[in-house]
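Below is a note for a colleague who has not looked at this structure before. The points are numbered and can be read in order.

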Amino acid sequence: MYDRYPCPDCGETNGHEPQCKHSTASRADVEKAYIDIISRLMVSPAPGNELRDTADGEWSDLHDDAFAELLSAGLVEMDGDGVFELVPLDEAHDPVDPQYDPLATIFKHGSVPGAHDNAIFALVAWYEARGLSWHETKERVIDWLHDTGAWERGGFKEGSPEEVLAKKKHVYEGPGNGDGYGWKNKAKEAKRVIDRHIGTGSENARCANRTVRSD
């Protein structure tokens, strides 16, 4: 799971961004929304109406968004009958990889022409902040370029992924070394471009969230 539960709107784990829709929610409120959902699903899989009924207190928009975040992060899944269950930790994301937006969209879908510079900057800064060596960071981002189809989409001036990463080593070694300086703004800019090309999230996650809201 998460080291700290992120706000499901702005992604912050300590407070909120100024325009966040949940800016009045405390850290305890955010954690409670996630824990209400996770603790119920730890007992057994459940349809959406049971999730809403078993929340400790009134189900809120914060619960809706926390649930959507868990779906997007691949920590909860829905079967063909509309029943939700927790994904076993050994099948969930590598905890080092981004699990919430704006980086989750970049990590899942890959970059597109016009977003490459910001997307790669954001991933390099993210991995650096999580303590990966330059070699590990480079290998993960190169794999991501291939696995998501980003490299095959084109739009790079460089002749190989290795050359792309060589030009981003300055990000890893930059003045914000150790805290991922600048990743969020770069990720937001990249996500805007990616959203225009391929949309946000998976259709399954959107349908699943609608199922909970409508039950």
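1. Proline 47 is in contact (heavy atoms within 4.5 Å) with Gly82, Val83 and Phe84, leaving aside its neighbours within four places in sequence. Proline 47 lies in strand β1, residues 46–47. Strands here are DSSP runs of E with at least two residues, helices are runs of H or I with at least four, and both are numbered from the N terminus. With a relative accessibility of 25%, proline 47 counts as partly exposed. The terms are set as follows: buried means under 20% relative accessible area, exposed means over 50%, and partly exposed is in between, with a 1.4 Å probe and protein chains only.

2. This is a predicted model, in which local features need pLDDT of at least 70 and side-chain atom pairs count only at pLDDT 80 or more, while totals for chains, interfaces and linings use all residues. Residues are numbered from 1 along each chain as its sequence is written, and side-chain values use heavy atoms, with hydrogens and water left out.

3. The C-alpha atom of proline 47 is separated by 8.8 Å from that of glutamate 85, and the two residues are 38 apart along the chain. Glutamate 85 is found in strand β3, residues 83–86. Its relative accessible area is 31%, so glutamate 85 is partly exposed.

4. Glutamate 85 also belongs to a negative surface patch, together with Glu77, Asp79 and Asp81. Patches are made of residues with over 30% relative accessible area and no salt bridge; like charges are joined within 9 Å, and nonpolar side chains (Val, Leu, Ile, Met, Phe, Trp, Tyr) within 5 Å. Asp and Glu count as negative and Lys and Arg as positive, while His and the chain ends are not counted. The place of a charge is taken as CG of Asp, CD of Glu, NZ of Lys or CZ of Arg.

5. For the chain as a whole, there are 11 helices and three strands. Read along the sequence, the pattern is α-β-α-α-β-β-α-α-α-α-α-α-α-α. Of the 215 residues, 47% are buried. Among contacts with a separation of 6 or more, 66% are between residues 24 or more positions apart. The chain exposes about 10,800 Å², and carbon and sulfur atoms supply 46% of this area. Accessible areas come from the Shrake-Rupley method with a 1.4 Å probe; for residues, only the protein chains shown count as cover.

6. Side chains of opposite charge can pair when their charged atoms come close. A salt bridge is a side-chain nitrogen of Lys or Arg within 4 Å of a carboxyl oxygen of Asp or Glu. By this rule the count is 10. One of them joins lysine 32 and aspartate 36, with the closest N and O atoms 2.8 Å apart. Both residues lie in helix α1 (residues 27–43), four residues apart, or about one turn of the helix. Lysine 32 is partly exposed at 32%, whereas aspartate 36 is buried at 9%.

7. Aspartate 195 forms a salt bridge with lysine 191, and here the closest N and O atoms are 2.9 Å apart. Because they are four residues apart in helix α10 (residues 183–198), aspartate 195 and lysine 191 are separated by about one helical turn. Aspartate 195 is partly exposed at 24%, and lysine 191 is buried at 15%. Another bridge links glutamate 158 and lysine 167, at 3.7 Å from N to O. In that pair, glutamate 158 is buried at 17% and lysine 167 is partly exposed at 47%.

8. What does leucine 62 touch, not counting residues up to four places away in sequence? The list is Pro8, His22, Ala25, Asp29, Val30 and Ala33. Leucine 62 sits in helix α3, residues 61–72, and counts as buried at 10% relative accessibility. Leucine 62 and lysine 21 are 9.2 Å apart, C-alpha to C-alpha, and 41 residues apart in sequence.

9. Proline 113 is placed in the loop between α4 (103–109) and α5 (116–129). At 34% relative accessibility, proline 113 counts as partly exposed. Leaving aside neighbours within four places in sequence, proline 113 is in contact with Arg153, Gly154, Gly155, Val193 and His197.
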